[in-house]
Amino acid sequence: MKRQIPLLITFLSAITMIVFYFLNEDLTKDYKSGIFDWVRIIGSFALLIGIVNLLRVHFYKIRRGGKEAVYSYVLVLSFFIITVSGLIGYGKRGAEGIVGASFLTFDWMFINVLRPLQGTMFSLLAFYVASAAFRSFRAKTKEATFLLVSAFIVMLGRVPVGTMIWDRIPVISNWIMTYPTAGAQTAIMIGAALGAVSVSLKIIIGIERTYLGGDE
Amino acid sequence: MSISMSISVWVSALLTLAIFSFLIKDNPLYKIAEHIFVGASAGYWFVFNFHNVLLPDLFKPLGTEFTSKWFLLIPLGLGLLMLMKMSRQYGWLARFPLAFTVGIGAGEGITSIIKSDIISQLSAVTFEMPLIMLTENMGKMQINVFNSFSNIVYFLAVVTGLLYFFFSAEHKGMVGKTARIGIWFLMISFGASFGFTVMARISLLINRLQFLIEDFLGIVI
Amino acid sequence: MLNYLKTLDRRIIYLFVLVGVILPIVGGFLFPVQSSPMTDSVVKALKELEPGSVILVSADFDPGSQAELQPMLLALLKYCFENEINVVSMGLWPMGPTLIDNAMDSDKVRISKDRAEQLMLEGRKVYIIPKGEAGTEQYLEERDGKIVVVKETEREEVGDLFDDAIYYVKGIRSLFPEGHIKYGENYLAAGYQVGAGVVILDLVASVPGALKTDALNSKPVESYPIMNGIDTLKDIDMVFTLSSGSGGIKEWVIYGNGRSGVKVCGGVTAVSAPEFLPYLVSRQLAGMLAGLAGAAEFEAATGYEMGEGIRGMTPQSFAHIIIILFIIIGNLVFLVEKYSENK
Amino acid sequence: MKKFSLLFVCFLLFSLPAVTAFGAGEIDEGVSGKIFETTRIPVLIGILLLGGAIVYFIEKAKKGQHIFIRKIAGLNAIDDALGRATEMGKPVLFVPGIMGIENLETLASVSILGHIAKKTAAFETDLKVPVRDALVFSTAQEVIKESYLASGRPDAFNDNMVEFVTSEQFGYVAGVNGYMVREKPAANFLLGCFYAESLLLAETGNSIGAIQVAGTANPSQIPFFITACDYTLIGEELYAAGAYLSDDAKAKGSLKGQDMGKAIVMGLIGFFTVLVIFFQLASMGKSYEEFQKGKEAKPSETESAITKVHNFFRNSLNF
């Protein structure tokens with residue numbers, strides 16, 4: 001019961017999707033988008049569990065006290081500020097739209113807190129690619145040399161300065177991207193696709209059931 | 001130079017600098033920014049989901065047009081079963097919605113992957129990139145040696161790459177040699193992808209630094 | 001020395017990258033930009049669109065990728081409205097439509113001094129940052145036949161415009177005379193569409209059925225003239241996606257082009273570009289702009305020299321050179337070491 | 001599970017006509033009359049061929065036939081990394097990618113997590129699994145609990161091993177990176193579906209000196225793992241890892257089946273390539289217009305057999 005029914009649900013829902021694929025889209029599209037709505041709804045409920053977990057962890061840290069508790073206060077506070085302002089004032093925007101949002105409102109938090117944090121976190125990659133390149137692009141083996149040389153050419157080929165060095169560099173870089181690179185990517189794609197087909201098949205017929213957890 | 005007087009710009013700038021400080025080492029400033037980020041973004045997505053999924057797709061239709069949308073009780077039920085996860089005794093009930101989600105993913109995945117990642121790629125390798133490439137020359141289709149050569153390279157990359165992924169054959173002898181060529185192609189492609197990406201990462205940094213220099217510090221170039 | 005370089009603290013590399021990017025930003029000079037075949041294919045596809053065509057612009061990214069994709073979006077919208085191509089906008093990512101709104105109404109769009117003068121005379125609000133004074137917002141106004149710079153409280157006469165100041169308008173809309181972009185006729189914002197691949201399947205079946213209402217007035221989209229003659233996705237002349245991840249260009253290619261044959265072009269982050277090359281080869285994708293270089297090339301090809309893409313290419317070049325130098329140093333150290341070991 | 005496999009095939013074969021009959025009554029005027037997307041038959045053939053190969057070898061393996069699977073370097077590294085973490089008395093970090101549970105890479109990753117948790121339970125090593133998706137959160141918890149039970153150490157399991165961070169991509173990275181520099185895990189496993197965060201996580205992991213084993217099927221992120229991690233499972237290897245780690249014969253059978261799938265694909269590539277070569281050779285000397293017309297020609301519009309076959313296959317693959 002605890003195991004067989006979920007397996008059957010998985011089987012039936014997967015088969016439904018497969019059968020839908022082969023039917024005229026006009027017949028199935030309403031059902032299909034309805035089903036995806038359901039998946040999203042389930043996901044939204046699940047998010048609640050995640051949030052409860054997050055808050056529980058940090059409430060615990062706050063109760064435990066000490067120096068680290070300050071950070072947990074910050075986390076819980078920012079969570080509640082954005083949540084409360086979001087539940088009250090979501091989508092209510094003045095004449096200037098999202099740009100004119102006032103201090104600590106949902107839109108303001110998005111533009112002035114989340115956006116810079118996202119962008120900056122992402123931009124750390126500029127530094128990381130540099131240190132990763134310095135460390136690992138060394139001609140230690142034949143394989144590493146291939147890696148190094150193609151990275152070198154393509155890196156030069158993407159900026160105007162490459163053209164200044166030799167005007168064929170962008171052409172060569174483009175050739176590397178279009179032929180050997182695209183070919184190898186296709187091979188990875190096809191291989192991974194077979195792996196994915198195998199995993200989904202095993203899930204559908206119930207061989208792969210790790211995701212369900214214990215057997216009780 | 002005229003530093004910004006706007007509180008919004010100041011908040012953005014301080015958070016930006018706090019994240020950058022992580023590059024030197026972990027420090028209290030980064031820790032504060034990190035905890036603001038985690039807390040605020042968790043809240044953001046929670047609110048977002050509520051307003052964009054639960055409200056329009058579940059609660060509103062159930063509240064206003066129940067007679068035609070009663071079947072939404074099923075996802076509501078599945079969602080509530082999901083919440084059972086929090087109980088030790090009835091936690092297993094959460095498997096039902098989980099099984100549904102996984103099943104949908106597996107069923108949808110298998111067809112679209114076969115279509116786009118196998119069949120379409122098969123067509124690209126064979127029909128779109130023929131080993132003998134013809135181009136028009138003086139009104140007649142003739143073999144274009146350079147394009148044919150390029151396509152042969154592409155073809156070899158695909159085939160040797162695929163051979164590398166064979167698990168049931170030891171990489172010895174002929175298979176080993178071909179698979180090794182496959183690795184070379186993979187390495188070339190990884191290097192090229194890496195090099196290609198570097199620029200994207202730099203672009204992001206430029207964007208952030210432009211914000212700090214122009215909007216925050218008010219230095220005009 | 002050798003040992004120092006071998007165990008080089010990564011923070012030294014970080015410092016070099018930082019300086020390498022800041023210097024050219026402050027120095028402010030430009031490298032010439034040349035187009036690549038990938039970008040040419042996008043321009044070619046766009047040039048095939050007749051005036052009055054409808055293009056569906058889908059913003060499938062979030063602020064994290066704004067640095068690369070927003071310049072493309074600006075240049076694309078500018079090109080469309082200049083060439084009387086009608087735009088329906090939407091987003092598969094929740095924050096996408098906001099970014100399109102920003103592009104239309106609030107992003108800084110840099111213009112030349114001449115254009116600034118011309119736009120101001122047409123009655124558009126033109127902003128100015130005179131050299132050495134940012135911080136507060138200032139704009140140009142014509143008073144008693146003279147051009148003045150208006151700060152919040154004071155006003156100051158300019159007479160002739162400064163040569164070395166930065167001029168910009170807010171949003172693409174302000175580049176055109178009042179009424180050039182009529183909402184519902186030339187432009188329609190359909191807002192965020194939940195469901196990625198599913199939305200596209202819906203569009204394949206019926207565009208009005210999938211988009212339902214617009215984002216501004218919440219009226220059914222088919223009540224706007226721009227949707228005349230548009231039933232399924234096939235009737236759209238081109239889909240242009242700005243895509244930074246899952247729920248984006250791949251779905252447009254697989255579902256949009258795959259099921260309806262609509263022409264799909266895309267702007268993607270440089271990191272994801274190689275992944276989509278196979279689709280370019282198989283012609284499922286009509287053209288692709290890759291990363292900031294793609295944006296710069298597109299700006300150059302559509303005649304927008306003041307774009308962020310072109311301006312960004314200089315710090316970009318510097319940073320590339322720095323990384324390349326570090327790779328060379330790394331290899332020299334390695335070779336020297338190997339040589340001395342062999343001895 | 002034979003029942004299910006049989007059911008699966010039967011369902012595929014018989015459900016279509018059944019649904020057809022059901023759907024036929026509902027087609028209204030506006031809808032094109034067809035019920036099947038007949039152009040998609042190649043996908044059905046694909047499912048039956050690939051699925052058939054996989055199921056066939058699973059059955060064969062179940063009957064006890066030995067199946068040879070070669071070694072994958074990254075997988076042996078998993079044990080080394082776990083061993084080192086135990087020796088140093090430091091925790092093990094497992095990141096299951098950033099996508100949801102319905103993502104197939106995530107599912108492959110979760111099944112590897114099961115094996116790793118069994119080892120950490122046996123070695124009494126601390127395990128930390130930060131997640132971004134709430135469904136992955138509850139799944140990972142179940143999987144680890146089960147593994148600890150199976151290793152006879154249910155007492156060592158605690159709910160805090162899996163931690164939900166946030167649904168925001170970079171917020172998640174900020175949290176995980178903070179964890180890495182503060183707790184300094186000795187082994188990092190980055191397995192699953194990754195996007196831009198790949199290098200942010202891997203480079204931070206590298207800076208704290210952890211042994212890192214990564215794996216993803218996303219071609220654009222593999223290069224970053226290659227440069228910053230000790231071992232990288234490339235593409236299909238990620239899917240294979242779960243099967244490889246479990247000593248289950250069925251799993252090995254499915255790997256063999258995947259190989260057969262690759263053989264089929266390569267066979268088709270070979271066949272089509274030869275076909276296209278013949279077509280191209282036959283088209284030499286024509287004008288460009290004639291050449292294009294030949295490519296688009298319907299079977300009735302052409303005499304040449306090679307063009308007919310060529311166009312048939314070309315069109316069947318492009319739908």
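Visitor: How many salt bridges does a search of the whole structure find over all chains?
Guide: The search finds 25 salt bridges over all chains. Keep in mind that this is a predicted model.

Visitor: Okay, let's take one in chain C. Which residue does Glu48(C) meet in a salt bridge?
Guide: Its partner is Lys263(C), and the N to O distance is 3.0 Å. The two sit 215 residues apart, so to speak at distant parts of the chain: Glu48(C) is in the loop between α3 and β1 of chain C, and Lys263(C) is in the loop between α9 (249-260) and β11 (264-268).

Visitor: And is Glu48(C) buried or exposed, or something in between?
Guide: Glu48(C) counts as partly exposed, because its relative accessibility is 45%. Lys263(C) is partly exposed too, with a relative accessible area of 26%.

Visitor: Now chain D. What does Lys119(D) pair with?
Guide: The side chain of Lys119(D) meets that of Asp79(D) in a salt bridge, 2.9 Å from N to O. This pair links helix α4 (residues 104-123), which holds Lys119(D), to helix α3 (residues 73-88), which holds Asp79(D), and the partners are 40 residues apart. Lys119(D) is partly exposed at 31% relative accessibility, and Asp79(D) is partly exposed at 38%.

Visitor: What about Glu124(D), which residue does that one form a salt bridge with?
Guide: That would be Arg153(D), with the closest N and O atoms 3.0 Å apart. Glu124(D) counts as exposed because its relative accessible area is 59%, and the cut-off for exposed is over 50%.

Visitor: Which residues are joined into one network by salt bridges that share partners?
Guide: Arg135(A), Arg10(C) and Glu203(D) are joined that way.

Visitor: Switching topic: how many disulfides turn up over all chains?
Guide: Zero, from a search of the whole structure. Take Cys265(C): the nearest cysteine sulfur is that of Cys80(C), 11 Å away, and Cys265(C) is in no disulfide. A disulfide needs the two sulfur atoms within 2.5 Å. Cys265(C) is also buried, at 0% relative accessibility.

Visitor: Backbone next. What's the phi of Lys212(C)?
Guide: Near 55°, a positive value in a residue other than glycine. Most residues other than glycine have a negative phi. Lys212(C) is in the loop between α8 (207-211) and β10 (238-243) of chain C, and it is exposed at 54% relative accessibility.

Visitor: Where is Lys184(D), then?
Guide: Lys184(D) is in the loop between α6 (169-183) and β4 (187-191) of chain D. Lys184(D) also has a positive phi, about 45°, although it is not a glycine. Lys184(D) is partly exposed, with a relative accessible area of 37%.

Visitor: Last one, over in chain B: where is Leu98(B)?
Guide: Leu98(B) is in helix α5 (residues 95-128) of chain B, and at 5% relative accessibility it counts as buried. The C-alpha atoms of Leu98(B) and Leu81(B) are separated by 9.6 Å, and the two residues are 17 apart along the chain.

Technical notes:
Residues are numbered from 1 along each chain as its sequence is written. Chains are lettered from A and ligands numbered from 1 in the order in which they are written. This is a predicted model: local features need pLDDT of at least 70, side-chain atom pairs count only at pLDDT 80 or more; totals for chains, interfaces and linings use all residues. Side-chain values use heavy atoms; hydrogens and water are left out. Helices (H or I, at least four residues) and strands (E, at least two) are DSSP runs, numbered from the N terminus. Buried means under 20% relative accessible area, exposed over 50%, partly exposed in between (1.4 Å probe, protein chains only). A salt bridge is a side-chain nitrogen of Lys or Arg within 4 Å of a carboxyl oxygen of Asp or Glu.
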